[in-house]
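Me: I have just opened this one and would like a careful walk through it. Could we take it topic by topic?

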Amino acid sequence: MTNNLPSILVIDDDRDLRYSLRRVLSAHGYPVIEAGSGEEALEIVKKQKPPVVLLDNRMEGMSGIETLQHLRGAHPDGMIILMTAFGTTQTAIEAMKYGAFDYVMKPFDPPKILSLVEKALQSIRDQDAAGRGYKPLLNSADYQEGIVGNSEAMQTVIKTIGRVAASDVTVLITGESGTGKELVARCLHQHSLRAKAPFVAVNCAAIPENLIESELFGHEKGAFTGANAQKLGRFELCDGGTIFLDEIGDMALATQTKILRAIQEGEIQRVGGTGTIKVNVRLVTATNKNLEQMVAQKTFREDLYYRLNVVRLRLPPLRERKEDIPLLVDFMFQRLGARRKVKANRLAPEALEALVRYDWPGNVRELENAIHRAGVVARGDTVLLKDLPPEITDSSGLPVVPPVRPAATPSLVSPLPTGGKVATEQTDIFDMLYKQLRATSDENILAIVEEQIIRRALAETHHNHLKSSKILGMNRATLKKRADSLDAR
Ligand SMILES: Nc1ncnc2c1ncn2[C@@H]1O[C@H](COP(=O)(O)OP(=O)(O)OP(=O)(O)O)[C@@H](O)[C@H]1O
Ligand SMILES: [Mg+2]
């Protein structure tokens, strides 16, 4: 007999209790996996991911709450039901805080357990349906690198990072603004043998030209006016580590020459100094400029270009890998959630569609900002289309609602947005209107709205009752009666 019901993991150090739970659950067709401790359970979820977990709170060794916290990390999609013998509010709050689906007091009767299990499974089905295949949570281990992307282009980048990180090879990272150049540079460092030594980032575009040499190579006391003490440069400070020269395309030709010497000789000279100093750094550079073109125009030294461009990592713009958007958003929610910045952790399908349709000139950074803002604005745990910034929804190509005519009579609710807006703004208008009316009037709200709508139709048609009744879908006689009573006021 095949059994298609999802399996349930029962974690309890009491064998008798495991046995009775197994009997109840398997009598209803659920396969049961047993664990005698939290430690054992964590081993099990490495291999299997049972959708529902029944977890005893009081256990020898790792407690239920502790196990819960570990399980949430190792098996974030699992619905965990905590079983507590001596239920206190404290445990209940803790359980929910750490992400339990629900909790149940012992001793419990079989129907209660069964109905909770059914509820948990139903909730999984609801989530799947709401997400329409979009998986709201991924195993946090997938995100350890901080670089997210399943697209072929990003996979190529990630594989290249893996291949070259441990060698000392010079890497040039190119890509539009916000595509993750600095992130990749840091990742290269973290995976290199230099990981324990410093990672020093220098934004070449942010340092004035007359200061950059001293910034990079340091200076001796008295080297120039204002040089009151000796100062070590970034190259020296970075000794043994990775120096990341960001916006290298914005570096003046004179500085380029000095960088070239530092790379070729492996030594630097402080400004105003006489001797040379050996430095051992790995060089990673980045730019959003077209260096090949700059070389052709002689604004970038060709010999330096070849030194920097040993391994090239091209970061694709987000619009060329839109399939990564769901994963990135999910990652961002997790990160924001972990920092307790936002509660939202999923996107409504329409919101995701809008994100996928948008062009993302600011790439991942822009997406990150949008998600942060939307997460703050969102009421519950789902970001709706209307929570997204307007520049994103405006370009989303949704059917445009015909413009609302300017009111001929004084407006009840002002300002009422007019002009072509996306469909969802319509609900916003009604939402605003409704709330305002609720707050300001005890009268029949419908009558107020009706009056305003009739007034507008009459104004638009220059008091033509026939035309107005057609617009409003109202019987002409009824309209006339209402219009007369309005006139009478
Ligand atoms: N693949 C990615 N996965 C997760 N986060 C990413 C990814 N790419 C970029 N980010 C995030 O987007 C933001 C911008 O990335 P980063 O600063 O590395 O971009 P950049 O290319 O250096 O931009 P700029 O050219 O403007 O300096 C960062 O917060 C980074 O963590
Ligand atoms: Mg950058």
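Me: OK, what is the average pLDDT of the protein?
Reply: This is a predicted model, and the protein averages a pLDDT of 82, with 82% of the residues scoring at least 70.

Me: And where does the pLDDT stay under 50?
Reply: One such stretch is residues 131-144, for which the model has 20 contacts beyond four places in sequence. Over residues 396-427 the pLDDT is likewise below 50, and this stretch has 39 contacts in the model beyond near neighbours in sequence. Where pLDDT is low, the predicted coordinates should not be read in detail.

Me: Now the sheets. In what order do β1 to β5 stand?
Reply: They form an open sheet with parallel pairing, and the order is β2-β1-β3-β4-β5. At the edges stand β2 (32-35) and β5 (102-105), each of which has a single partner strand, so one side of each is left without a neighbour in the sheet. On average, neighbouring strands here are turned by 20° against each other, direction ignored.

Me: Which helix packs on that sheet?
Reply: Helix α3, residues 64-74, packs on it and touches β1 (8-11), β3 (52-56) and β4, with a direction that makes about 155° with that of β3.

Me: How many bridges join β4 and β5?
Reply: Strand β4 (residues 79-84) pairs with β5 in the parallel sense over four bridges, and Met83 stands opposite Val104 in β5.

Me: What about the sheet that has β7 in it?
Reply: That is an open sheet of five strands, in the order β7-β10-β13-β6-β14, with parallel pairing. Its edge strands are β7 (199-203) and β14 (311-314), each pairing on one side only, and the twist averages 20° from one strand to the next. Helix α7 (residues 181-190) packs on this sheet and touches β6, β7, β10 (242-246), β13 and β14, while its direction makes about 165° with that of β13.

Me: Switching topic, which residues come nearest to ligand 1?
Reply: Of the 18 residues around ligand 1, the nearest are Ser177, Gly180, Lys181, Glu182 and Val364. The elements that give two or more residues to this shell are α7, α13 (325-338) and α15 (363-377).

Me: Which domains does the shell draw on, and what classes of residue are in it?
Reply: Domain 2 (157-314) and domain 3 (319-394) each supply at least three residues to the shell around ligand 1. By class, this shell has six nonpolar, eight polar and four charged residues.

Methods
Residues numbered from 1 in each chain as written. Chains lettered and ligands numbered in written order. Predicted model: local features only at pLDDT ≥ 70, side-chain atom pairs only at ≥ 80, totals over all residues. Pairing = 2+ DSSP bridges. Axes fitted to C-alpha atoms, helices over the stretch in contact; angles between N-to-C directions. Contact = placed C-beta atoms within 7 Å. Near = placed C-beta within 6 Å. Nonpolar A, V, L, I, M, F, W, Y, C, P; charged D, E, K, R; others polar. Domains from an automatic or database assignment. pLDDT = per-residue confidence, 0-100.
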